[in-house]
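I opened the notebook to keep track of what I looked up. The entries follow in the order I made them.

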Amino acid sequence: MTDQTTLHMWTDGACKGNPGPGGWGVLMTYGPHSRELFGGEALTTNNRMELLAVIRGLEALTRPSEVHLHVDSAYVMNGMTKWIHGWKRNGWRTADKKPVKNAELWQELEAQIARHTVRWEWVKGHAGDPGNERADQLANLGVEQARG
């Protein structure tokens, strides 16, 4: 399960239609403590919601922390651990010279990551991981909120 000294964070994004109303959700645990966050936007994409989930979770931390980040988005994890270095080197353009989608969110995420010590872990979505399942439920609450 989870250890008592590391902050564990599960994040997820959801979108009904792509684009469409979307939501993001975050579950954080630290020892016996937990915190849940969610929000949404009326017209967005799934990838934007996946990014915003991680951004909003990290920015909610009031001090630099050791974070074990559990994500089911290969897009977010690969973007931050593999692709971002090339994007920055290429002036926020992809290898085929196209502008990076969601560049402003990648830059915001990079700034949040810099505040913390983050260990990334990819988890399979909808596969029974309790933290991921709760983050998914919270993201869907964000969708409902965005729908009004």
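Entry: the largest pocket. I looked up its volume, which comes to about 340 Å³ in this predicted model. I then asked which residues lie nearest the centre of the largest pocket. I noted Leu7, Tyr30, Leu61, Arg63 and Ser65, out of a lining of 16 residues. Strand E2 (20-30) and strand E3 (33-44) are the elements that give two or more residues to this lining. I sorted the lining by residue class and wrote down six nonpolar, seven polar and three charged.

Entry: helices H2 and H3. I took H2 as residues 74-89 and H3 as residues 103-114. Their axes come within 11 Å and cross at roughly 100°. Angles from 65 to 115 degrees count as roughly perpendicular, so I put H2 and H3 down as roughly perpendicular to each other. Which residues meet between the two helices? On the H2 side I listed Tyr75, Val76, Gly79, Met80, Ile84, Trp87 and Lys88. On the H3 side I listed Trp106, Leu109, Glu110 and Ile113. The residues of this contact divide into eight nonpolar, one polar and two charged.

Entry: Trp87. I picked this residue from helix H2. Is Trp87 buried or exposed? Its relative accessibility is 10%, and buried means under 20%, so I recorded Trp87 as buried. Setting aside residues up to four places away in sequence, I found that Trp87 touches Gly79, Trp92, Arg93, Thr94, Val100 and Trp106. I also checked Trp87 against Asn102: they are 15 residues apart in sequence, and their C-alpha atoms are 12 Å apart in space.

Entry: Asn102. I placed this residue in the loop between H2 and H3. Its relative accessible area is 14%, so Asn102 is buried. With neighbours within four places in sequence left out, I listed its contacts as Asn47, Arg48, Leu51 and Tyr75. Tyr75 was already in my notes as one of the H2 residues that meet H3.

Entry: Trp92 and Lys97. Phi of Trp92 is near 60°, a positive value in a residue other than glycine. Phi of Lys97 is near 70°, again positive in a residue other than glycine. I then looked up how accessible each residue is. Trp92 has 18% relative accessibility and therefore counts as buried. Lys97 has a relative accessible area of 59%; exposed means over 50%, so I noted Lys97 as exposed.

Entry: a cis peptide bond. Where does Pro19 sit? I found Pro19 in the loop between strand E1 (7-15) and E2. The peptide bond leading from Asn18 to Pro19 is cis, and its omega is near 15°.

Entry: Val118. I located this residue in strand E5, residues 117-122. Leaving out neighbours within four places in sequence, I wrote down Val67, Leu69 and Ile113 as its contacts. Ile113 is also one of the H3 residues that meet H2.

Definitions and conventions
Residues are numbered from 1 along each chain as its sequence is written. This is a predicted model: local features need pLDDT of at least 70, side-chain atom pairs count only at pLDDT 80 or more; totals for chains, interfaces and linings use all residues. Side-chain values use heavy atoms; hydrogens and water are left out. Axes are lines fitted to C-alpha atoms, for helices over the stretch in contact, and angles run from 0 to 180 degrees between N-to-C directions. Helices (H or I, at least four residues) and strands (E, at least two) are DSSP runs, numbered from the N terminus. Angles under 35 degrees count as roughly parallel, over 145 as roughly antiparallel, 65 to 115 as roughly perpendicular and the rest as oblique. Contact means heavy atoms within 4.5 Å. Ala, Val, Leu, Ile, Met, Phe, Trp, Tyr, Cys and Pro count as nonpolar, Asp, Glu, Lys and Arg as charged, and the others, Gly among them, as polar. On a 1 Å grid over the protein atoms alone, a cavity is a set of points where a 1.4 Å probe fits but cannot get out, and a pocket is an open set with protein on both sides within 12 Å along at least five of seven lines; lining residues have an atom within 4 Å of a point. Grid points are joined across faces, edges and corners, and a volume is the space filled by probe spheres set on the points. Buried means under 20% relative accessible area, exposed over 50%, partly exposed in between (1.4 Å probe, protein chains only).
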